[in-house]
Amino acid sequence: MNPQSTQFRCPTCSSPLTLTVTPFVAPSPLPPLPAYPAPMPPQALPPAPPDFPPQTFPGRSFPAPPPRGVQPPAPPSTPQPVPAATARHLPPPPAPPQRQQRPPSRPRRRLSPQATLLALGVLLLLAAGVTFLAVTWDSLPVAAQAAIMGTLATIALIGAIPMAKHKLAGTAEALAILGCGLLIVDLYGIRALGLITASDALTYTAAAAAIVAAVNLLMNRLAPTVKTFGLAAVIVGQLPLPLFLADRVDLAALLLGLLIQLVITLYWSAQGTRTVRITGAICSATVFAGILLTGSTRVLIALVADRDPNFADFIADMFGLSATAFVPLAATTAIVCLTAATGILLLNKRTLPGGLTPTPGEILCTATAAFTVATFLPQIPEAGRWLTTALATVLVLVELLRPRRTGRLTTMLLTATTTSATVAVLVSTFSSDVRQLSLIAALVAALALVAGWRKRLEATTTAATAGFAAQLAIVLAVIDEFITLWTGGIALAVVAACSIAAATRYVGRPPERALLISGATAALLAEIVILLVSPGTGTGVVLTIAAAPLVAYGMQPGRRDALLVAGLLLIFANTGFVLGTDTTTVEWFTVPPAVIMLALGILRWRDQPSWLFLGPGLLLGLVPSALLADGNDILRTTLVITAAVAVILAGTRFSLQAPFVVGAAVLTKIGLWQFLEVAPLIPRWITLALAGLILLTVGATYERRLHQAKQAARWLTSLR
């Protein structure tokens, strides 16, 4: 078989091509594939046990597995189509993962060659203008130099207008900067070279700034797209008024003028471009902060000068004026308050950029106004020292009694309250006004109770604040000698009693501990104060006042141990009373404590053995008097015998061992003592005969007396 060739041209490039076809013999057929054995029919699975019934799965059918030992058939070479009924139940294929797209980065702003050339050109031209004035001042008249510089400035400023209209923003900005710079240099040269010498430096500077601001304002109207004119008009426009008023009016008038200028600037800039609006807002905020800072500082300096004469002389020598003059000080305070109110109003009228809220600005304005007023009030003659405290108290009451507890007004009110209270405390502290601090502490205690009543404070915080603030107020009043030591000690004891009495209402609740700690502290302070004036009677009065509510507290379930403390305080109080009267009768020291102990025992340990709740009181009340009783002291002996008989009868009636034994022992002692006192007076034969009769009687009735003695012992031991 010979190959056959065919020549033809390419239809695209017309190149000659040759196609050769060579015939060949087909190979022998491929051997057939080996046949796989036919699959065996599936065999039935054995039935499932009864405990595990077969489960069916709806929507899917699974073939039965082949029997053990049989190879499963080979999978088909072509994939089998999935039935539609089964495909509906298959889960959808997972979605391909999506690549996270990065946010487009902001392009970096680079300094273009045009901007560089324009900036260097403006800089060189300004340098040339300054050099021209410095070099040719003796070659040309000053008027000619000023005219030349003014002409150049006018050409540069006017040239910015067509450049802005032809969308040449960079060139227009460069010409505007050049014109403003040349105008400033021209105005400076007129003054420096002596062309105008009629006015002082501040006045001329104010006039020059006004001219520059007016020219830029006019050019901003002619070429509003040029940012330089708007910025220069806003920034330079802030200078003329303060420079003109600096040495002509007092500080209050200057601040008022700046406030008016601030409002005008903010209103005018709001109608300009975005750049002008931002610049106007920044300038207004700066001037606003300057007004607040200057006014509040002026009032603070006056307060310090009012408290320190040396500092007042220093201020007078430095500024040549009185720092404590009342009328200028009041005017400055009023201007600061007016500025703060204007700031709050403007913050709520204008939309702030960047999603800012007016709350921080409102807090700043409120705090500054409150600080200024709080530092001004102490400088008012006569009642000034009390006015700041009164202002803080009124603000706190308004805050506590207002029904609404949220909102901007609440925030500003809380700020003013905190600032005024802080200033009041600091002024009183640095002025060493102890009486004023005592009043503040008393007001804090009263306002804490009001806050607790209005649910503004937790009960524990209210109890602790009210208790300790009241104690501090009393101690400071004693230190200031506003009240006497006697009055201070009794007042502290009353505070302790009130705290302990209030604790009976909060048994088992958190305020209980705070009230008890406050009461214990007040009682300790009361005792310390009263020891300075009356260690005896004063101690008795203070401890009695403190122990009275403690008895009521000890009557509460689970608080019976407080009765021991109350009894101990009452015993010390009785001792103090006795020492204060200079008495030597022992019953004044023993009977009242014994009565207290008996009362506590009956109230607290009634279900215990009588020796526990009655024994200490009976022993303290009867034994010392029984030991001192003799034939010469008929009144004491009679009273002791009467008390012993009464105690024996009570013990017999209520089956109590301690009263019976103590009473019997007291009667036995008194009887033996009386017998020993009378025995020397009796003849000897009577004594011997009486002893013999007693022994004879006991011996004759020994068995019966022994039995009666055993019965008496058993009865006595059966008593409680």
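**Contacts, burial and cores**

Guide: In this chain, residues 24 or more positions apart make up 62% of the contacts with a separation of 6 or more, a contact being heavy atoms within 4.5 Å. The model is predicted: local features need pLDDT of at least 70 and side-chain atom pairs count only at pLDDT 80 or more, whereas totals for chains, interfaces and linings use all residues. Residues are numbered from 1 along each chain as its sequence is written, and side-chain values use heavy atoms, with hydrogens and water left out.

Visitor: Why is cysteine 365 called buried?

Guide: Buried means under 20% relative accessible area, exposed means over 50%, and partly exposed lies in between (1.4 Å probe, protein chains only). Cysteine 365 has a relative accessible area of 2%, so it is buried. Cysteine 180, at 9%, therefore counts as buried too. Of the 720 residues of the chain, 32% are in the buried class.

Visitor: What makes a set of residues a nonpolar core?

Guide: The set must consist of buried Ala, Val, Leu, Ile, Met, Phe, Trp, Tyr and Cys residues joined through side-chain atoms within 4.5 Å. The largest such core has 18 residues, and Leu258, Val287, Phe288, Ile291 and Cys365 have the most contacts inside it. Two or more residues each come from helix 8 (251–269), helix 9 (274–307), helix 11 (326–349) and helix 12 (359–376). Helix 8 gives the most, with six residues. Helices (H or I, at least four residues) and strands (E, at least two) are DSSP runs, numbered from the N terminus.

Visitor: Which residues does cysteine 365 touch?

Guide: Leaving out residues up to four places away in sequence, Cys365 touches Phe288, Ala340, Gly343 and Ile344. Another core, of 16 residues, lies apart from the largest one and includes Leu182, Leu187, Ala209 and Val212.

Visitor: How many disulfides does the structure hold, and by what criterion?

Guide: A disulfide is a pair of cysteine sulfur atoms within 2.5 Å, and the structure holds zero of them.

Visitor: What makes lysine 455 and glutamate 481 exposed?

Guide: Lysine 455 has a relative accessible area of 66% and is therefore exposed; glutamate 481, with 68%, is therefore exposed as well. Lysine 455 is placed in the loop between helix 15 (434–453) and helix 16 (459–479), and its phi is near 65°, a positive value in a residue other than glycine. Glutamate 481 lies in the loop between helix 16 and helix 17 (485–503), and its phi, near 60°, is likewise a positive value in a residue other than glycine.

Visitor: How do you know that the charged end of arginine 248 sits over the ring of phenylalanine 244?

Guide: The criterion asks that NZ of Lys or CZ of Arg be within 6 Å of the ring centre and within 35 degrees of the ring normal. The charged end of arginine 248 sits over the ring of phenylalanine 244, 4.4 Å from its centre. Arginine 454 is placed likewise over the ring of tryptophan 453, 5.9 Å from its centre.
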